[in-house]
Amino acid sequence: SFIGELAFFAGEHIDGYQQYGPGNKVNVTIDHSTISGCAGNSTDKGNAAVFWSDHPGAGSTFTLMHSKLSCGQYTIRVNDALAGSKVIVDIHDNQIVRGSYASGPAECANSVKFNGTEGVKWSNVLYSDNGEQIPTPCS
């Protein structure tokens with residue numbers, strides 16, 4: 001898939017993909033996609049290429065793999081994979097376009113590093129220009 005050239009309107013924020021459904025169990029996989037959170041009609045970097053947040057329900061899963069991502073305040077934002085949530089976020093084998101974001105390549109507020117039952121798994125996420133590994137933003 002290709003998601004890009006998003007339209008920006010004043011007062012809005014742009015996400016290439018956003019999960020929204022507080023409390024609902026959702027299972028999403030994005031595979032072999034190119035996603036840009038940049039606005040096609042302005043210089044705004046948008047909010048994120050991928051934004052997984054808003055307290056998904058227990059047992060929710062999100063997998064992002066084999067994709068190329070750009071733009072956003074943070075290119076990948078995976079929030080709310082809290083301790084005790086039973087939410088699993090698996091991000092692996094992706095590329096991020098260096099410098100396309102305003103604040104950083106990724107952030108994971110309110111999320112924990114994968115502990116075997118919940119949290120964010122993060123492996124082989126690289127900058128697209130030189131293959132440098134991007135460390136997990138989760139503590």
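**Entry 1: Ser100**

I started with Ser100, which sits in the loop between β9 and β10. I'm working on a predicted model, so every value here is computed. Is Ser100 buried or exposed? I looked up its relative accessible area and got 10%. Since buried means under 20%, Ser100 counts as buried.

Next I checked where its side chain points. The side chain of Ser100 reaches the backbone oxygen of Val97, and the distance is 2.8 Å. Then I listed what Ser100 touches, skipping residues up to four places away in sequence: Lys45, Ser70, Cys71, Gly72 and Thr75.

**Entry 2: Arg98, in that loop too**

Arg98 also lies between β9 (88-96) and β10 (104-107). I got a relative accessible area of 34% for Arg98, so I noted it as partly exposed; that label covers values between the 20% and 50% cut-offs.

Which residues does Arg98 contact, once neighbours within four places in sequence are left aside? I found Tyr127, Ser128, Asp129, Asn130 and Glu132. Tyr127 is 29 residues from Arg98 in sequence, yet their C-alpha atoms are 5.8 Å apart in space. With Glu132, the side chain of Arg98 makes a polar contact of 2.9 Å.

**Entry 3: Ser60**

I moved on to another loop, the one between β5 (48-52) and β6 (61-65), where I found Ser60. Its relative accessible area came out at 0%, so I put Ser60 down as buried.

What does the side chain of Ser60 reach? I traced it to the backbone oxygen of Asn24, at 3.5 Å. Asn24 is also on the contact list of Ser60, which leaves aside neighbours within four places in sequence. The rest of that list reads Lys25, Val26, Asn27, Trp52, Lys86, Val87 and Ile88.

**Entry 4: strand β5**

Trp52 from that list took me to β5, where Trp52 is the bridge partner of Gln19. I looked at how covered the strand is: 5 of the 5 residues in β5 are buried.

Which strands does β5 pair with? One is β2 (residues 15-19), in the parallel sense, over 4 bridges. Another is β8 (residues 74-78), also parallel to β5, with 3 bridges joining them. For an example of a facing pair, I noted Val50, which stands opposite Ile76 in β8. I also noticed that Thr75, one of the residues Ser100 touches, falls within the range of β8, which brought me back to where I began.

Note on methods: Residues numbered from 1 in each chain as written. Predicted model: local features only at pLDDT ≥ 70, side-chain atom pairs only at ≥ 80, totals over all residues. Heavy atoms only, no water. Helix = DSSP H or I, 4+ residues; strand = E, 2+ residues; numbered from the N terminus. Buried < 20%, exposed > 50% of the residue type's maximum accessible area, 1.4 Å probe, protein only. Polar contact = N/O pair within 3.5 Å; in protein donor to acceptor, adjacent residues only side chain to side chain. Contact = heavy atoms within 4.5 Å. Pairing = 2+ DSSP bridges.
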